[in-house]
Amino acid sequence: MISRQRLPLWIACALAVLLVIGALLQVVRNLLWDLSYLLPQWLMGPVLLLAASLVIMLVYQVGWPWWKAFKRQNLGATENNRTPLSPPSSRHQAAKQSLESIDRLLERLQNDVVREGLKQERERVEQELARGDLVVVVFGTGSSGKTSLIRALLNEMVGDVGAPMGSTTSSQIYRLRLKGLNRSLQLVDTPGILEAGRDGLNREKEARQRASRADLMIVVVDSDLRAIELEIISSLANLGKRLLLVLNKCDLRGEEEERQLMAQLRGRCKGLLEHADVIACSAAPQSVPQPGKRPWQPPAEVDKLLRRLACVLHADGEELLADNILLQCRHLGDSGRQLLDRQRQQEARQCVDRYSWISGGVVAATPLPGVDLLGTAAVNAQMVMEVAKVYGVQLTRDRAQELAVSVGRTLAGLGIVKGGVALIGTALSVNLPTLLVGRAVQGVAAAWLTRVAGASFITYFQQDQDWGDGGMQEVVQRHYDLNRRDSSLERFLATALRRVVEPLQQEKRQQLPPRPGPRGEVDASGREHPKP
């Protein structure tokens, strides 16, 4: 319900709207009355339709950009004024807050395809947050005996083992329960890594993806660690993943060889894994021949792995689950912020490009003795304000002018203004007549220097209004070096010829006097007659 204090305000607004509508209707009525004296009846309809179309187009061209800027400004103000979230009391709550921040990112993404992809990934992570199972992924090369190890674990684990819960073309997931563990367990058999061919690379990509989403990983090897295996273990351990390293096929080695190999593995993984998390086992021992009898098949030796697995899951299972979900939320949030940053960067570059040619056109139309306009031109201050709005920063005009002046002084102090004018002058003087070189060089140089300054401002706002350790000079110098590269400069000059130089050439042709025609014959009275 409307409060009594606001009732008079609402009544006044309604009356104002009625007055505006009445005035518009009166204007239309007067227009129709006047047109009835000037135009025939059959022509009034098309004329009114054309006029209405022009008004609608004008409103759209002017109002739509203003409305987008207004929405962006309100969105930035809303984010700045939003009450800061209280610190999460648990990892579960922290994951929920991370998903809420992703929802806010989704609202700001303009690309429908990118937004839908991020939304689907966000829904997957939310389902992960709601799941009740612990995920243990078995990871390793195809020859290390991963499948044999999983088979041995399934046969030895206490509890009911169901059929594969789901499968892809190369992975299988088994769901089971351990005694004393409140949650069920998903045991995932992943494709082997380090296989040749494109299919092998695709299977390895899937295995790495599965591993990155695991609560606990079992990495299976049958010898010393390869460089790629150690790299994978290091990257996952540094992300906070808990790993168990299993040396399989110990039945093929003697006790001394096994002891030395275990010492090597623990030494390579020092600082990444705990000493007890490197375990020796034999998932599928080779059969032993018996003269006159059937070969004897020794049982699998996975007791040490089972005990360590149960110990880790009972002690840290809940924390492993929460840490994994929170890690996925953080990765998803990082992906969303990268997408938003790319979108902002694209918008900011378009803004800088627009103001570069505005600056170039202004200078070319009104040439001045120097091109050192970056410190005083209002166009650059307005550019700073628009780039700031793209990044959700509200700047006053005074602050924008101050930034523009600072960058302009830096450009002059580093010699970039003189260097830029000389660079542009050398490139243009080859193909232009002498009469146009001065104005063209001033206009194109102003556009190019504005582009360098705009790129520096983008870096400044990307870094949360910070120039970095090297200060403004380093940022400006870097963008100057990037823009003077051959490929970048050639693309810029190709556009400059079309936007700045060609209009100057047309203007110069219009200002030249008409060429005289052929002289005629003069009669006795002094009049000139054209030759027949």
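In which handedness of crossing does α11 pass α14? The structure is a predicted model, in which local features need pLDDT of at least 70 and side-chain atom pairs count only at pLDDT 80 or more, while totals for chains, interfaces and linings use all residues. Residues are numbered from 1 along each chain as its sequence is written, and side-chain values use heavy atoms, with hydrogens and water left out.

The crossing of α11 past α14 is right-handed, that is, the near helix is turned clockwise from the far one by less than a right angle. Helices are DSSP runs (H or I, at least four residues) and strands likewise (E, at least two), numbered from the N terminus. The axes of α11 (residues 397-413) and α14 (residues 471-483) come within 10 Å and cross at roughly 70°; axes are lines fitted to C-alpha atoms over the stretch in contact, with angles from 0 to 180 degrees between N-to-C directions. The two helices, α11 and α14, are therefore roughly perpendicular (65 to 115 degrees).

Two residues other than glycine have positive phi. Gln-465, with phi near 55°, is found in the loop between α13 (434-462) and α14. Gln-465 is partly exposed, because its relative accessible area is 38% (buried is under 20%, exposed over 50%, partly exposed in between; 1.4 Å probe, protein chains only). Lys-249, with phi of about 65°, lies in the loop between β6 (242-247) and α8 (255-268) and is also partly exposed, at 27%.

Leu-18, in helix α1 (residues 7-38), counts as exposed because its relative accessibility is 56%.

Note on methods:
Angles under 35 degrees count as roughly parallel, over 145 as roughly antiparallel, 65 to 115 as roughly perpendicular and the rest as oblique.
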